[in-house]
Amino acid sequence: MADRRWLLIEVFGGEPPDREPTVIGIGSTPKRMVPLASVLGRGRYLDDVRALVVRVVGAGQVVQSTSSDGRRRMIGKPLVSYAGRVHGVYAWLGDLEEEPPSRDPAGAWYFNLTTDKIAGSDDLLDLYGVAPEDRRTQRLTAEAFGRLVTNADESAALALIVQSRPGAEHQATWTVRRDDGQLRAANFACRAVAEVGENGDVEVVLRGITHDIGPAESTPSAPPLMVLAQRVLAAEREPGTHRAIVNLHTLTLLRWIDDPMPGVAWELDAEHPPAIHPDDLVVAKRMSAGLANSARVSGHLRLRSVTGTWLKVAVTANLMLLDQHTTAALVTISTPDAT
């Protein structure tokens, strides 16, 4: 840490059980889960920083100490998720009388791939510029993509959500549109882990951190506002239709491609939660299974509306490939009259 920049260290855990924390950021420079020893070398302070991380994770709060030789000041700050688990540690090592530099904003989050619920910490909502009165800590997965300008690896991120395999990892730099209109380059890193849920069942959870690395306009790794694939999708939209990507296994919404269909309940805090009419679930499952043999299926479903009634819609689903091994459905929804 000779350059005195903050280290951003992930402590997601996961497979294997004894996985060691890795560095995902040095100052404003993202790193791809680099071992601490590769950053610090085998010098005298490697064990000190490792011990600092352990103390911060155990305490769940800021820890200040000195190195084992008494020559360095050490500061560790936790990044705590909504569930209260430490996802990362900001660590700094400097001279005894030295003050640390400013830190980039970063926040912890998780996607529960089993329950389809996600949550972000107050640090993350600060990064997003969310006003206190507008803060909703828990959401559904599809709501996460509203403020993100994704890049070419969006399919890989969606595939990770669909696959739900503990041990899987993903890192990327996307552009975040803050609530005040600013566009920021944000690097995120995550790992899928197995956790025991409130009901005692094993759930698969993506533990992650988002790290603000600077203005999107001046950060080369930030994606452009619209990549080619998004332009093609935008050009193919037909009036009166609304397109979305749906998980074929769970029939849950992964993200809207267009604006959400008016009147359809799809957000977690809706007075009436999102749902397919119980009598239409067999139709939805039949359509999902049909995509195994056909690239396109159609039908009619009733979706819960924001008022609690059932809204009949026409649905056309096309098989889409997220990666070499993972598929989803590109679903087009419209009112029956529109078809």
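Lysine 117 is placed in strand 8, which spans residues 117–120; helices (H or I, at least four residues) and strands (E, at least two) are DSSP runs numbered from the N terminus. The structure is a predicted model, in which local features need pLDDT of at least 70 and side-chain atom pairs count only at pLDDT 80 or more, whereas totals for chains, interfaces and linings use all residues. Residues are numbered from 1 along each chain as its sequence is written, and side-chain values use heavy atoms, with hydrogens and water left out.

With a relative accessibility of 36%, lysine 117 counts as partly exposed, where buried means under 20% relative accessible area, exposed over 50% and partly exposed in between (1.4 Å probe, protein chains only). When neighbours within four places in sequence are left aside, lysine 117 is in contact with Tyr110, Phe111, Asn112, Arg139, Leu140 and Leu268, contact being defined as heavy atoms within 4.5 Å. The C-alpha atoms of lysine 117 and arginine 139 lie 5.8 Å apart, although 22 residues separate the two in sequence.

An open sheet is formed by six strands in the order 3-2-1-6-5-4, with antiparallel pairing; two strands pair if DSSP finds at least two bridges between them. Strand 3 (29–35) and strand 4 (63–66) stand at the edges with a single partner strand each, so one side of each has no neighbour in the sheet. On average, neighbouring strands of this sheet are turned by 25° against each other, direction ignored, with axes taken as lines fitted to C-alpha atoms, for helices over the stretch in contact, and angles running from 0 to 180 degrees between N-to-C directions. Helix 2 (residues 46–59) packs on the sheet and touches strand 1, strand 4, strand 5 (72–80) and strand 6, its direction making about 40° with that of strand 5. Strand 1 (residues 7–10) is joined to strand 6 (residues 86–95) by four bridges, in an antiparallel arrangement, and glutamate 10 stands opposite glycine 88 in strand 6.

Arginine 42 is found in the loop between helix 1 (36–40) and helix 2, and its relative accessibility of 70% places it among residues counted as exposed. Apart from neighbours within four places in sequence, arginine 42 is in contact with Ala37 and Arg50.

Helix 4 (residues 154–163) has seven of its 10 residues buried, so this helix is largely enclosed by the rest of the structure; the buried residues include Glu154, Ala157 and Leu158. Serine 164, which follows helix 4, has a positive phi near 55°.

Strand 16 (residues 296–304) presents a covered face of Val297, Gly299, Leu301 and Leu303 and an uncovered face of Arg296, Ser298, His300, Arg302 and Arg304. In a regular strand, side chains alternate between the two faces of the sheet. Nine bridges pair strand 16 with strand 17 (residues 310–323) in the antiparallel sense, and arginine 304 stands opposite tryptophan 310 in strand 17. The hairpin of these strands has five residues between them, and within this hairpin glycine 308 takes a positive phi near 95°.
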